Amino acid sequence: AQELSGYTLGAADLLRRAMGKKKPEEMAQQREIFTKGAMERGVDEQVATHIFDLMEKFAGYGFNKSHSAAYALVSYQTAWLKAHYPAAFMAAVLSADMDNTDKVVTLIDECRDMKLKVLAPDINLCAYRFTVLDDHSVVYGLGAIKGVGEAAITGIIEERTTNGPYRDIFDFCKRIDLRKANRRVLEALIRSGALDKIGPNRATLMASLDIAVKLAEQTTQNRERGQTDLFGAAHAVNEPTGNYVVEKDWSEEQRLNGEKETLGLWLTGHPITRYEDELRKFTSCRIVDVQPKRDATLVIAGLVLALRTMKTKKGDMMAFVTLDDRSARIELAVFSDVYTRCRDLLAKDKLIVIEGEVSVDEYTGSYKMSAREIYDIDKAREVYGRRLVLQIDGKKFSPDFAPALAKVLTPFREGSCPIRVHFVGDGVKVNISFGKEWRVRPTGELLHRLEDLLGPQGVELDYQARAGAPLRNPPVH
C-alpha cells in the first residue's frame, strides 16, 4: 500500500483493519483509494485492481509461506504417528490436554473410534500422565482425575516404585503422605475407580476410609515416637491393622455418577445401559439404525450430551440437542412450541424419549430429527405402558401382604396405568385386574419399591408393541 499507492503508515493500518473486519462498504472505499493512488504512480489500473484482489483474498485466511510450510510439516508428522503408533500418539495427546476435562472426554471418544482400549485408573498401574500398555491400550493418567493434585500423585507413585504395590486401603493410607493426599483426594480416587483393585468395592472403600486414615495417623505417631524394633525394621512394633467396613456396592447409577464427577465421563459403563432392555420394548430402534421414512414418526431414546438454544426470527426460543444412546449420536431440533412445553427435560446427561420425524441434513449429509414430543423415562412408562403386572407367590402370602402392597401403591395412584395380578398358590392360578381407582403412575421409584416387596421377577411393566408411531392410552381389556 505504501509503495504502490502512497499510503501513510497510519492509512495502511486502516486498510489492514478494514480487511480484518471484512466490511464491504469499507473495502469498496479502500479499493478506490488504493487504485487511484497506484494509477497516480504510473501503475496500470488493471494491475492495481488485480493486486488489491489478491490482498483481499489473502485477508480471508492466509499465512506467510514459512508459517504454512511449518504447519504442513507438523500435520504430516502427527498424522504419520497417529497412523503407525496410535496408542502412543493418543497417550501423548491426552497427556498434553489432561487439565482440560472437556478435551479429555473428546479424545477418549476418539480412542474408542480408533478401537483403542482406555484402561480405567489403577493406583498400582497408572502414572501421572497417560501411558501405553501395548499397541492397542492406553493407561489412564492419574493426573486427569479432578481434585487430585500433582504433588499427591507424584508422592503416591514414588512410594509405589520404591516399596512395591499397595495391598489394600489400610496399607495405602499408611504409606502415603496424608498432608498432600488429604481426604478429598482419597475420596476422588475411590469415586474414579483408581482404588478398585485394592478393595472389595467402592462403597466399602468409602465406608472404611475413616478407619484407614485414623490407623495411618496412629502409625505415623508411633513411628515418630521411635516405636520400632531392635533392628529398625520398616514396620513398627504392634503396628495397628484395620478391617473393612463391608457395604453393599453402589448402584450402577451412583458408580457412574462418581466417575462423571472425577473423570468428566462414564468410563466403565453408560447410564443408558440399565434401561436398554426396557427401552427396546417401546422405541422404534437405536440411533445407529435410524432411517428417514416419509410421514413416519419414530420413537428413540438417548442421553443429552450437548444443548444449545437460540432465538427464532419471531423471537421465540428453540434448541438443538445432541443425543447419544451408546450406539451413535443424532442432532435433535426442538422448535419453539415443543421447547416451551419440554424445556425442563432438556438438561445435560438426562435420559429422554423422543417422538419425531427423521430427515437428511442437506449440509452435513447426516440424519437429523425434529421433536414432536419429549418425555423423561417415568412419563414414557406412563405413555407407552399398557399395564403393570405383579406376580404373587401364594407361598409367601400372609395376612400382612395386602396392606403392605396397598401402602406401596397408594402414593402413586391417580395415574393411567392399570394393574394386573397373577396369583399362584396351592394349585390355584388367578388373574386379577385392579379397579380404575388403583391405576398408578409407573415411575422408577414405584417399580423399585415393588421389587423390594415381590422380588425382581415379580414386577413387569407390559408395553405396547413396538411400532413407528405407538398409540397412546390404548384401550385396556
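The model is a predicted one, in which local features need pLDDT of at least 70 and side-chain atom pairs count only at pLDDT 80 or more, while totals for chains, interfaces and linings use all residues. Residues are numbered from 1 along each chain as its sequence is written, and side-chain values use heavy atoms, with hydrogens and water left out.

**Second largest pocket**

- The lining comprises 23 residues, of which Val105, Asp109, Leu305, Asp324 and Arg329 lie nearest the centre of the pocket; a lining residue has an atom within 4 Å of a point.
- Helix H7 (101–113), strand E4 (298–311) and strand E5 (317–324) each supply at least two lining residues, and H7 gives the most, with seven; helices (H or I, at least four residues) and strands (E, at least two) are DSSP runs numbered from the N terminus.
- By class, this lining divides into six nonpolar, seven polar and ten charged residues, with Ala, Val, Leu, Ile, Met, Phe, Trp, Tyr, Cys and Pro counted as nonpolar, Asp, Glu, Lys and Arg as charged, and the others, Gly among them, as polar.

**Largest pocket**

- About 1,000 Å³ of space lies in the largest pocket, whose lining of 30 residues has Arg274, Tyr275, Glu278, Arg381 and Gly444 nearest the centre.
- At least two lining residues come from each of helix H13 (252–263), helix H14 (276–279), helix H16 (377–384), helix H18 (444–454) and strand E13 (459–463), with H18 giving the most, six residues.
- The lining of the largest pocket holds 15 charged, twelve nonpolar and three polar residues.

**The E12-E11-E9-E13 sheet**

- Four strands form an open sheet in the order E12-E11-E9-E13, with mixed pairing; two strands pair if DSSP finds at least two bridges between them.
- Strand E12 (428–433) and E13 stand at the edges with a single partner strand each, so one side of each is left without a neighbour in the sheet.
- From one strand to the next the twist averages 20°, with axes taken as lines fitted to C-alpha atoms, for helices over the stretch in contact, and angles running from 0 to 180 degrees between N-to-C directions.
- Strand E9 (residues 385–393) runs antiparallel to E13 and is joined to E13 by five bridges, with valine 459 in E13 as the bridge partner of leucine 390.
- H16 lies across E9 and E13, running at about 90° to E9.

**Strand E7 and its partners**

- Seven of the ten residues of strand E7 (residues 351–360) are buried, that is, under 20% relative accessible area with a 1.4 Å probe and protein chains only.
- E7 pairs with E4 in the antiparallel sense over six bridges, and isoleucine 300 stands opposite isoleucine 354 in E7.
- Nine bridges join E7 to strand E8 (residues 367–376), again antiparallel, with valine 360 opposite tyrosine 367 in E8.
- E7 and E8 form a hairpin with six residues between them, and glycine 365 in the turn has a positive phi of about 85°.

**Helix H6**

- The buried residues of helix H6 (residues 86–96) are Ala87, Phe89, Met90, Ala91, Leu94 and Ser95, and their cover includes helix H5 (65–84), H7, strand E2 (131–134) and strand E3 (137–139), contact meaning heavy atoms within 4.5 Å.

Conventions:
On a 1 Å grid over the protein atoms alone, a cavity is a set of points where a 1.4 Å probe fits but cannot get out, and a pocket is an open set with protein on both sides within 12 Å along at least five of seven lines; lining residues have an atom within 4 Å of a point. Grid points are joined across faces, edges and corners, and a volume is the space filled by probe spheres set on the points. Buried means under 20% relative accessible area, exposed over 50%, partly exposed in between (1.4 Å probe, protein chains only).
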